[in-house]
Amino acid sequence: MVVGERVKPYREFITTAKGREMNLNLHLGQQKVWLSKARFPVLLAGTQFGKTCFEPDWLYREICERGEGDYIVGSATFPLLGLKLLPEFQTLFCEILRWGVYKDDRMGNRIIQSNHDKSRIIFFSGTNSEAIESATAKAAVLDEAGQKQFRQGVWDAVQRRLSLNRGRCLIATTLYQLGWLKTEVYDRAMA
């Protein structure tokens with residue numbers, strides 16, 4: 001019988017003299033992206049690497065550093081958003097941190113509105129660049145941007161939405177195909 005080492009949970013809560021604190025147990029790949037100062041860090045990895053659970057924590061740090069404003073989070077499609085990404089953001093921002101409240105309005109907008117200021121996290125689909133065209137964002141997260149449904153026009157729109165604030169954008173995905181993510185991000189970074 002082989003006994004393996006117990007893997008620590010991604011988020012661990014410990015009690016200290018200051019009270020209950022959250023500790024992130026990042027593996028080496030997550031640590032590299034966490035420490036990166038790049039404007040467009042990319043977490044490119046296979047399935048079950050811990051990309052989606054990492055994204056809300058990365059964005060929360062950006063919110064703490066950049067302050068009040070709009071932040072955008074995109075997934076390849078709305079059905080995919082609902083499977084894992086949105087629940088991860090709701091768990092961190094609405095339940096653990098009690099930072100805000102999730103709203104799903106009649107217009108189809110999905111937003112986490114801050115309880116403390118005028119900040120909000122706006123969720124969008126990678127199939128429709130027009131959905132974010134009026135936003136001025138301070139940071140962004142793109143989940144599963146390597147899927148064919150995530151259009152290059154959306155990537156272009158995200159860059160425009162971040163341009164005023166020179167905002168950062170975390171791209172976390174498996175490389176599913178040789179599309180815009182390879183030619184516009186990977187190949188340019190390698191050059």
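On a 1 Å grid over the protein atoms alone, a pocket is an open set of points with protein on both sides within 12 Å along at least five of seven lines, and its lining residues have an atom within 4 Å of a point. A volume is the space filled by probe spheres set on the points, with grid points joined across faces, edges and corners. The model is predicted, so local features need pLDDT of at least 70 and side-chain atom pairs count only at pLDDT 80 or more, whereas totals for chains, interfaces and linings use all residues. Residues are numbered from 1 along each chain as its sequence is written, and side-chain values use heavy atoms, with hydrogens and water left out.

The largest pocket has a volume of about 390 Å³. Its lining comprises 20 residues, of which Gln-48, Gly-50, Lys-51, Thr-52 and Lys-84 are the closest to the centre. Two or more lining residues come from each of helix 2 (51-66) and helix 3 (78-96); here helices (H or I, at least four residues) and strands (E, at least two) are DSSP runs, numbered from the N terminus. Helix 3 gives the most to this lining, with five residues. By class, the lining of the largest pocket holds seven nonpolar, seven polar and six charged residues. In this scheme Ala, Val, Leu, Ile, Met, Phe, Trp, Tyr, Cys and Pro count as nonpolar, Asp, Glu, Lys and Arg as charged, and the others, Gly among them, as polar.

Gln-48 lies in the loop between strand 3 and helix 2. Although Gln-48 is not a glycine, its phi is positive, at about 60°. Gln-48 counts as exposed because its relative accessibility is 78%; the classes are buried (under 20% relative accessible area), exposed (over 50%) and partly exposed in between, with a 1.4 Å probe and protein chains only. A positive phi also occurs at Glu-144, near 55°, in the loop between strand 8 and helix 4. At 11% relative accessibility, Glu-144 counts as buried. Most residues other than glycine have a negative phi.

Seven strands form an open sheet in the order 3-9-8-4-7-6-5, with mixed pairing. The edge strands, each pairing on one side only, are strand 3 (42-44) and strand 5 (100-104). From one strand to the next the twist averages 15°. Two strands are taken to pair if DSSP finds at least two bridges between them. Strands of a sheet pair through backbone hydrogen bonds, either parallel or antiparallel.

Strand 4 is mostly covered, with six of its six residues buried. Asp-70, Ile-72 and Gly-74 point one way from strand 4, while Tyr-71, Val-73 and Ser-75 point the other way. In a regular strand the side chains alternate between the two faces of the sheet. Toward strand 7, Val-73 stands opposite Phe-123 and Gly-74 opposite Phe-124. Toward strand 8, Ile-72 stands opposite Ala-140.

Strand 7 is largely enclosed by the rest of the structure, because five of its six residues are buried. Strand 7 and strand 6 run antiparallel and are joined by four bridges, with Gln-113 standing opposite Arg-120 in strand 7. A hairpin through five residues connects strand 6 to strand 7.

Helix 4 (residues 152-163) lies across strand 4 (70-75), strand 7, strand 8 (137-143) and strand 9 (168-173), where contact means heavy atoms within 4.5 Å. The helix runs at about 155° to strand 8. Axes are lines fitted to C-alpha atoms, for helices over the stretch in contact, and angles run from 0 to 180 degrees between N-to-C directions.

The second largest pocket contains about 220 Å³ of space. Among the 15 residues that line the second largest pocket, Asn-109, Ile-122, Phe-123, Ala-131 and Ile-132 are the closest to its centre. Strand 6 (110-114) and strand 7 (120-125) each supply at least two residues of this lining, and strand 7 gives the most, with four. The lining of the second largest pocket has nine nonpolar, three polar and three charged residues.

Terms used. 1 Å grid on protein atoms, 1.4 Å probe; cavity = no way out; pocket = protein on both sides within 12 Å on 5 of 7 lines; lining within 4 Å.
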